[in-house]
Amino acid sequence: MPPTPDNRPELRDLTTAQVQELLASLGERPFRVRQVLAWLYRQGARDIAEMTDLSRDLRRRLAAAARLTDLTPTQAQTAADGTRKLLFRLADGQAVESVLIPEEEHHTLCVSSQVGCRMGCAFCATGALGLSRNLSPAEITGQVLAARRLVDEARPLTNLVFMGMGEPLDNLDNLLVALEHILGEHGLQMSQRRVTVSTAGRVDRLAALGRGTPAALAVSLGAADDELRSRLMPINRRWNLAALKKALMAYPLKPTRRITIEYVLLGGVNDRPEQAAQLASWCRGLKCKVNLIAFNPHPGAAFAPPEPAAVQAFQEVLAARHVTALLRKSRGAEIAAACGQLAAQDLKAGPPAESAP
Ligand code: SF4
């Protein structure tokens, strides 16, 4: 006999309001929601049976009405600099990766939002996979909870960047549910300044992102002229640099906050001084800072890393034009954990991928 489908909702897929409704349907008072959310996120419970300050009877009724699935990395590779790449096998057999990066006093996790990605950025290994599917809220927060178990109090997990596999704004609804619990007072209570959503430029979803979460925003630019950007990042054919800038100028930012502009430097392609000048002009008037990332080659990559002298010259042009620019250190390149290298190798044999919009 075939197994009966499990129609119970996944607890970590629910918003706070939905958890409240579920508990109300079980005859529970509103304060219970805080207890259950604390178990789901702060305690990172792996099973409803662990929620020992709920009565045995409530745990039984909750388990009959909902399920709780834990996400555990099936593989972890560690680079010489301590960067760890975590591979998660999902319930349907798909796989995603996250990257846990040790800093002086804390850890940063690079989180995935989709299995694969349909944006097709030319410099990115994930883009070559195409999109298999969106991650659920539970699969997004599950990466964070799993990473938290791997770090100690001396260097806690305080920073998240949604720069792993996928375009987060392509999966906005699930992203916002996950962020509600990552930032929320009954959830992980992470700082909104330390949680960054990075987009390739889904201009149509920026306003909804700004309304939906106070998390920080980063935009991957790649080039500040339309012809080159359209070649490197096909999304530019749909929303060009002018449209992107207009949407960013309207983005709701608190007075002390700035948008991060990510610019991956590709040797001989977008790393010339005149291209730095174009970038500086494009940034004019925008409350932003620039992160420069030297390209990390991946198997089959059509690009080379920039020469150190080119990087320095690029930075000097930006500095002379009063654009704040940091060169981000590349971490974990030898385990293919660096920016744009995530490809969950065994995904390549997965189902046919969806193409770009
Ligand atoms: S850089 Fe980001 S948006 Fe572009 S293909 Fe890679 S994962 Fe997708």
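Q: What is the expected span of a helix?

A: The expected span is 1.5 Å times one less than the number of residues in the helix. In this predicted model, helix α4 covers residues 137-150, and its 14 residues should therefore span 20 Å. The C-alpha atoms at its ends lie 21 Å apart, in agreement with that value.

Q: Is α4 mostly covered or mostly exposed, and which of its residues are buried?

A: A residue counts as buried under 20% relative accessible area. By that criterion α4 is mostly covered, with eleven of its 14 residues buried. Among them are Pro 137, Ile 140, Val 144 and Leu 145.

Q: How many strands are in the open sheet, and in what order do they occur?

A: The open sheet has ten strands with mixed pairing, in the order β1-β2-β3-β4-β7-β8-β9-β10-β11-β12. Because β1 (73-78) and β12 (325-328) each have a single partner strand, they stand at the edges, and one side of each is left without a neighbour in the sheet. Direction ignored, neighbouring strands are turned by 25° against each other on average.

Q: In what sense does β2 pair with β1, and in what sense with β3?

A: Both pairings are antiparallel: β1 and β2 (residues 84-89) share five bridges, while β2 and β3 (residues 95-102) share six. Phe 88 of β2 is the bridge partner of Pro 73 and stands opposite Val 96 in β3.

Q: Which turn residues of the two hairpins have a positive phi?

A: In the β1-β2 hairpin, Gly 82 has a positive phi of about 90°; in the β2-β3 hairpin, Gly 93 has a positive phi of about 90°.

Q: In which sense do β8 and β9 pair?

A: Strands β8 (residues 195-199) and β9 (residues 216-220) pair in the parallel sense over four bridges. Thr 199 has Val 219 in β9 as its bridge partner.

How values were computed. Residues are numbered from 1 along each chain as its sequence is written. This is a predicted model: local features need pLDDT of at least 70, side-chain atom pairs count only at pLDDT 80 or more; totals for chains, interfaces and linings use all residues. Side-chain values use heavy atoms; hydrogens and water are left out. Two strands pair if DSSP finds at least two bridges between them. Axes are lines fitted to C-alpha atoms, for helices over the stretch in contact, and angles run from 0 to 180 degrees between N-to-C directions. Buried means under 20% relative accessible area, exposed over 50%, partly exposed in between (1.4 Å probe, protein chains only).
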